[in-house]
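Trainee: Could you take me through the aromatic pairs in this structure, one close look at a time?

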Amino acid sequence: MEELQSETQKAEPEPLSASKIIGLTGGIGSGKTTVAKFIEEFGFPVYYSDDRAKDIVNDNDELKGKIIELLGNEAYENGVYNRKFVAEKVFNNKDLLQSLNEIIHPAVRIDFEEWVKKQTKYLVFKETALLFELKLNRQCYQSVLVTAEDNIRAKRVMDRDNKTYREVEAVMEKQMPEKDKIKLADYVIYNNTNLEDLKEQTEKIIFSIE
């Protein structure tokens with residue numbers, strides 16, 4: 001949800017293994033996770049950064065201490081990361097959000113590096129909502145953005161999470177504008193129609209990466 005300046009020039013990727021790392025990203029309601037599942041169906045491994053972060057904040061005692069120091073004891077409830085409290089705490093506090101990201105994301109990066117070293121496919125995919133916001137595309141060979149029209153994305157989230165339009169709009173406004181992500185992405189998948197079309201687009205793009 002962080003609003004950081006976008007880059008116009010991409011640095012050379014930092015090789016972690018023989019595999020080419022492809023960044024996969026998309027805003028709320030874009031269908032990024034669905035595309036990730038299609039990629040797995042096509043035989044390529046996907047590292048789910050957001051899911052791993054949820055595990056790491058609960059499993060890593062050093063991280064727990066830093067997060068509690070930053071946000072207070074309420075950041076954990078009965079030893080479990082209190083996502084609702086944390087989200088509310090950082091939602092309108094850009095500095096606090098950045099501090100939290102600076103705690104969590106280096107740990108996720110280390111976890112990802114260990115994961116990618118074990119992979120054998122020529123392409124591996126790093127799924128993350130903040131690929132461009134945190135400039136994680138610098139460590140990727142290429143990037144794939146999943147996007148959709150704002151009203152379609154909003155309706156999906158409203159139906160999925162039982163949220164109001166205002167609630168979804170508030171989240172979308174915190175994210176990097178889609179037009180800026182499109183400029184940064186090497187490939188763009190437009191998820192405005194149906195699953196069949198989405199899968200066809202995904203397959204075409206994935207197997208065109210050399």
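Mentor: Happy to. Let's start with burial: a residue is buried under 20% relative accessible area, exposed over 50% and partly exposed in between, using a 1.4 Å probe and protein chains only. The model is predicted, so local features need pLDDT of at least 70 and side-chain atom pairs count only at pLDDT 80 or more, while totals for chains, interfaces and linings use all residues. Residues are numbered from 1 along each chain as its sequence is written, and side-chain values use heavy atoms, with hydrogens and water left out.

Rings of Phe, Tyr and Trp (its six-membered ring) pair if their centres lie within 6.5 Å; planes under 30 degrees apart are stacked, over 60 edge-to-face, and the rest tilted. That rule gives eight aromatic pairs. In one of them, Phe-42 and Phe-207 are edge-to-face because their planes meet at 70°, with the ring centres 5.8 Å apart. This pair joins distant parts of the chain, 165 residues apart: Phe-42 is in the loop between α1 (32-41) and β2 (46-48), and Phe-207 is in the segment after α9 (195-206). Here helices (H or I, at least four residues) and strands (E, at least two) are DSSP runs, numbered from the N terminus. Phe-42 is buried, at 19% relative accessible area, whereas Phe-207 is partly exposed, at 45%.

Next come Tyr-47 and Trp-115, a tilted pair because the planes are at 55°, with centres 5.4 Å apart. Tyr-47 belongs to strand β2 and Trp-115 to helix α5 (residues 94-117), so the pair ties together parts 68 residues apart in sequence. Both Tyr-47 and Trp-115 are buried.

Finally, Phe-42 and Phe-207 share one aromatic cluster with Phe-44, Tyr-122 and Phe-125.
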